[in-house]
Amino acid sequence: MRGCFTLMAAAMLLPLPVTVADAEAPSEELQRCPVCTELLNQARQIDRILRSVSDRESADKAADELKVLFDRMQGLCCQLETLPVSTPEDARMLSDSMRTLTHIFQSYIPVVERLMEVNAYGSEKLVNVFHLYKVRDGYSAGQQQEESPRVLAWQEVADSLEVLLYHVRKLNTAEAVNQQMPHLREEVQRVEQRLQTARSDEYHREIPESCRTQMSALHQELRNEIRRLSDSGLLTDELADLLKRCQL
């Protein structure tokens, strides 16, 4: 089973100076995404439950409650990975949400570590929950990702592809193609520059596991847009060449 915290660790890509107040009071942007809002609410419940554990009895009780919450969060994380992102504002909203979630997650990892140090007060149920949902594995993976220049480099490639796709989605007429070409040339050049950086010897060529799903989804959408433009007769030679340069 892939733990929900292993999924959440993928959010630790671009560290932000998020404060505790930010984590406790999501912005209006975040509240417009029901999946994001529920994830944050579930994370806060987990934080509260973990901090309530003080003996074997409360540890056993927490294990039952946490299992329900972790199951729910696992499903929500999967939903979050497939949410449609049609504008740069959507992308920023999802990114902000995941970073806030990461901040909450990081804040209670020390509590998990403390509980593991005392063997969860003898609660085998709670220890099993931590292992089943890979809470500590996800934290370790997240730390490595946050510190990895390779992950940051590939995330910049993904961000550039998001912006490029934003412009490509606007291409519904021949006039729109002509109007958007300057933006497209600019964005394609930016994608190529960032791809060159991500594939340099310093960062290695292989896409990190945490970025692979996102990159795959972006390139699938790019292929779909190329097909749409071709079917509608809007795929000029120059446009086809530009978009082809952005495919891995």
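**Cysteines, cores and helices**

Cys36 counts as buried because its relative accessibility is 0%, where buried means under 20% relative accessible area, exposed over 50%, and partly exposed in between (1.4 Å probe, protein chains only). The model is predicted: local features need pLDDT of at least 70, side-chain atom pairs count only at pLDDT 80 or more, and totals for chains, interfaces and linings use all residues. Residues are numbered from 1 along each chain as its sequence is written, and side-chain values use heavy atoms, with hydrogens and water left out.

**Cysteines**
- Cys246 is likewise buried, because its relative accessible area is 0%.
- A disulfide is a covalent bond between the sulfur atoms of two cysteines.
- With a disulfide taken as a pair of cysteine sulfur atoms within 2.5 Å, the count here is zero.

**The chain as a whole**
- The protein chain contains 12 helices and zero strands; helices (H or I, at least four residues) and strands (E, at least two) are DSSP runs, numbered from the N terminus.
- Of the 248 residues in the protein chain, 44% count as buried.
- Among contacts (heavy atoms within 4.5 Å) between residues at least 6 apart in sequence, 79% join residues at least 24 apart.

**Nonpolar cores**
- A nonpolar core is a set of buried Ala, Val, Leu, Ile, Met, Phe, Trp, Tyr and Cys residues joined through side-chain atoms within 4.5 Å.
- The largest such core has 39 residues, and Leu39, Ile46, Leu50, Leu66, Tyr108, Leu126 and Phe130 touch the most other members.
- Two or more residues of this core come from each of α4 (34-52), α5 (56-81), α6 (88-117) and α7 (124-132).
- Helix α6 gives the largest share of this core, 12 residues.
- A second, separate core of 29 residues includes Leu161, Cys211, Leu239 and Cys246.

**Helix α10**
- Helix α10 (residues 174-198) has 25 residues and reaches 34 Å from its first C-alpha to its last, close to the 36 Å expected at 1.5 Å a residue, the expected span being 1.5 Å times one less than the number of residues.
- The buried residues of α10 include Ala176, Gln180, Leu184 and Val191.
- The cover over the buried residues of α10 includes α9 (149-168) and α12 (237-244).

**Glu124**
- Glu124 lies in helix α7 and counts as exposed because its relative accessibility is 57%.
- Glu124 and Asp60 are 64 residues apart in sequence and 8.0 Å apart in space, C-alpha to C-alpha.
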